[in-house]
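Please consult the sequence and the structure shown here while reading.

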Amino acid sequence: MQEMILILDFGSQVTQLIGRRLREINVYCEIHAYNKIPEIGPNVKGVILSGSPFSVHDAQAPIVNLEGIKGKLPLLAICYGSQYIAQHYGGVVNSSLTREYGRAMLTVTDEKSPLFQKVSRKSQVWMSHGDTIAQLPKDAHVIASTEDVENAAYTIDGEATYAVQFHPEVFHTKEGTQMLLNFALKICGCKGDWTPDSFIESTIQSLQAKLNDDKVILGLSGGVDSTVAAVLLNKAIGKNLICIFVDNGLLRKNEFEEVLASYEEMGLNVVGVHAGPLFLSKLVGVTDPEAKRKAIGNTFIEVFDTEAQKISGARWLAQGTIYPDVIESVSVNGPSSKIKSHHNVGGLPEKMNLKIVEPLRALFKDEVRRVGRALGIKRELIGRHPFPGPSLGIRILGEVSEEKLRILRDADDIFIKGLRNWPCDLPSASYPNEMADNLYDSIWQAGTMLLPVKSVGVMGDERSYEYTIALRAVISTDGMTADWVHLPYEFLAKVSNDIINKVKGVNRVCYDISSKPPATIEWE
Ligand code: XMP
């Protein structure tokens with residue numbers, strides 16, 4: 001069984017980062033809500049308690065059952081976790097009126113502590129807490145301090161319990177990854193053998209054992225997750241995987257043909273479905289954004305269902321669900337759980353009596369890419385920007401028509417090709433530790449909108465009255481928040497010129513300089 005570290009979430013905004021840092025050092029971990037602790041098997045090598053927006057003195061402060069954990073397994077308590085241990089095991093925690101927030105210089109006072117091996121005696125850490133530990137729990141001693149916080153890190157003698165008031169998982173704690181590595185490898189004794197290759201090998205084995213000779217259906221979208229899921233399943237069960245790729249008539253210029261060709265090149269058993277006219281017929285006269293989304297979503301289910309019915313004997317529906325979609329997060333307003341679900345084929349599994357298989361359920365997005373790369377999938381496919389299910393349907397504001405689609409596709413093609421051809425010396429958005437090949441690669445998502453606005457211009461000697469195009473390019477990590485990208489003026493000038501000169505029906509190009517929030521990435 002895969003060895004792992006269990007992370008108990010008290011609702012901190014950065015809990016996922018603890019998980020990502022551990023995965024980066026090839027240690028498998030799972031995040032669970034503090035009040036839903038899974039059964040602890042022998043594969044659990046250690047436990048981490050996260051931070052929290054709560055103070056230990058709040059009436060609703062999370063209380064966790066550490067019986068079977070503290071003193072029995074290695075434990076690392078971070079921020080709220082460290083105050084929690086102090087408060088509940090004989091120490092004293094004081095509330096302070098001011099939050100200690102920001103960088104601080106940590107001095108290691110116990111250089112023998114395994115938590116700080118290979119960590120500089122003085123290093124920068126990131127603090128974010130209101131409470132402070134005035135008195136340590138029973139049998140504990142300090143292992144590191146900052147100028148303002150004496151008990152910045154402590155350990156409990158006679159057990160492998162460590163606690164830090166700062167956040168080792170955030171970027172601003174310069175040597176935080178080394179501390180997490182010390183905890184996982186030295187203190188918990190993990191092997192650190194969770195790599196894309198080991199994931200691929202063990203997943204293929206477990207998929208084969210689970211699926212036997214069953215047929216599996218998978219909806220391909222052209223995106224990274226469904227592509228990686230398909231290639232992995234294809235390696236496991238070959239021709240028993242039947243992929244369905246739907247042309248909804250709202251895709252980018254040549255996208256359907258190009259992506260379908262790449263899928264076939266990879267040896268996937270894929271059925272391409274041309275359903276453009278059906279989708280467009282459902283959009284006639286529809287102008288409200290939500291109504292458009294619903295029309296497109298329902299038509300997708302209808303088309304997918306019809307195609308899937310043609311595949312006799314299918315028992316499973318595969319989905320590209322990834323880890324952030326399934327983590328039960330602890331809400332700041334109380335321990336409720338919210339789970340994002342994939343709506344692309346909503347309702348279908350029940351209707352068709354299919355079981356669900358989700359081979360990427362344990363992976364973060366960057367791990368999906370690493371696995372994709374290890375599977376030999378082309379960088380052009382792995383580095384593709386996210387693209388919404390309703391496609392260009394929600395990038396044409398107002399009613400969709402063939403003519404507007406032509407205009408938007410041509411303008412979008414110029415913008416996206418322009419980004420791909422423009423060199424830059426920025427980090428890659430898909431592989432943060434690598435440099436980008438070009439502007440496209442440095443951006444999280446870019447797209448083009450067609451506004452339902454005509455304005456006056458001059459073309460030669462003639463007055464024109466034509467559409468406006470808006471360009472959007474953002475940097476983000478998960479799409480929840482986003483910043484507009486400071487594209488070079490020379491690049492914007494060239495793209496604007498090219499669009500106005502080459503795309504009939506456009507005489508004005510704008511660049512969207514709004515962040516999310518309060519704007520969103522898509523315009524509808
Ligand atoms: P917004 O516009 O909400 O978008 O800032 C955030 C991210 O989600 C994508 N998006 C969608 N993806 N179905 C999808 O599969 C949808 O209906 C949908 N709406 C928005 C959007 O492209 C961005 O990456």
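Axes are lines fitted to C-alpha atoms, for helices over the stretch in contact, and angles run from 0 to 180 degrees between N-to-C directions. Helices (H or I, at least four residues) and strands (E, at least two) are DSSP runs numbered from the N terminus. The model is predicted: local features need pLDDT of at least 70, side-chain atom pairs count only at pLDDT 80 or more, and totals for chains, interfaces and linings use all residues. Residues are numbered from 1 along each chain as its sequence is written, and side-chain values use heavy atoms, with hydrogens and water left out.

**Helices H7 and H8**

- Helix H7 (residues 276–283) packs against helix H8 (residues 289–309) at an angle of about 145°, and their axes are 9 Å apart.
- The crossing of H7 and H8 is right-handed; in such a crossing the near helix is turned clockwise from the far one by less than a right angle.
- Leu278, Phe279, Lys282 and Leu283 of H7 make the contact with Lys292, Ala295, Ile296, Thr299, Phe300, Glu302 and Val303 of H8, where contact means heavy atoms within 4.5 Å.
- By class, this contact of H7 with H8 has 7 nonpolar, 1 polar and 3 charged residues (Ala, Val, Leu, Ile, Met, Phe, Trp, Tyr, Cys and Pro count as nonpolar, Asp, Glu, Lys and Arg as charged, and the others, Gly among them, as polar).

**Helices H4 and H5**

- The axes of helix H4 (residues 196–211) and helix H5 (residues 224–237) cross at roughly 60° and come within 9 Å.
- H4 is therefore oblique to H5 (angles under 35 degrees count as roughly parallel, over 145 as roughly antiparallel, 65 to 115 as roughly perpendicular and the rest as oblique).
- The crossing of H4 and H5 is right-handed.
- On H4 the contact is made by Phe199, Ile200, Thr203, Ile204, Leu207, Gln208 and Leu211, and on H5 by Leu232, Leu233, Lys235, Ala236 and Ile237.
- The contact of H4 with H5 has, by class, 9 nonpolar, 2 polar and 1 charged residues.

**Surroundings of H5**

- Of the 14 residues of H5, 13 are buried, so H5 is largely enclosed by the rest of the structure (buried means under 20% relative accessible area, exposed over 50%, partly exposed in between, with a 1.4 Å probe and protein chains only).
- Gly238 follows H5 and has a positive phi, near 55°.

**Residue Lys355**

- Lys355 is found in strand E16 (residues 355–357) and is partly exposed, with a relative accessible area of 39%.
- Not counting residues up to four places away in sequence, Lys355 touches Arg315, Trp316 and Leu317.
- The C-alpha atoms of Lys355 and Ala314 are separated by 9.6 Å, although these residues are 41 residues apart along the chain.
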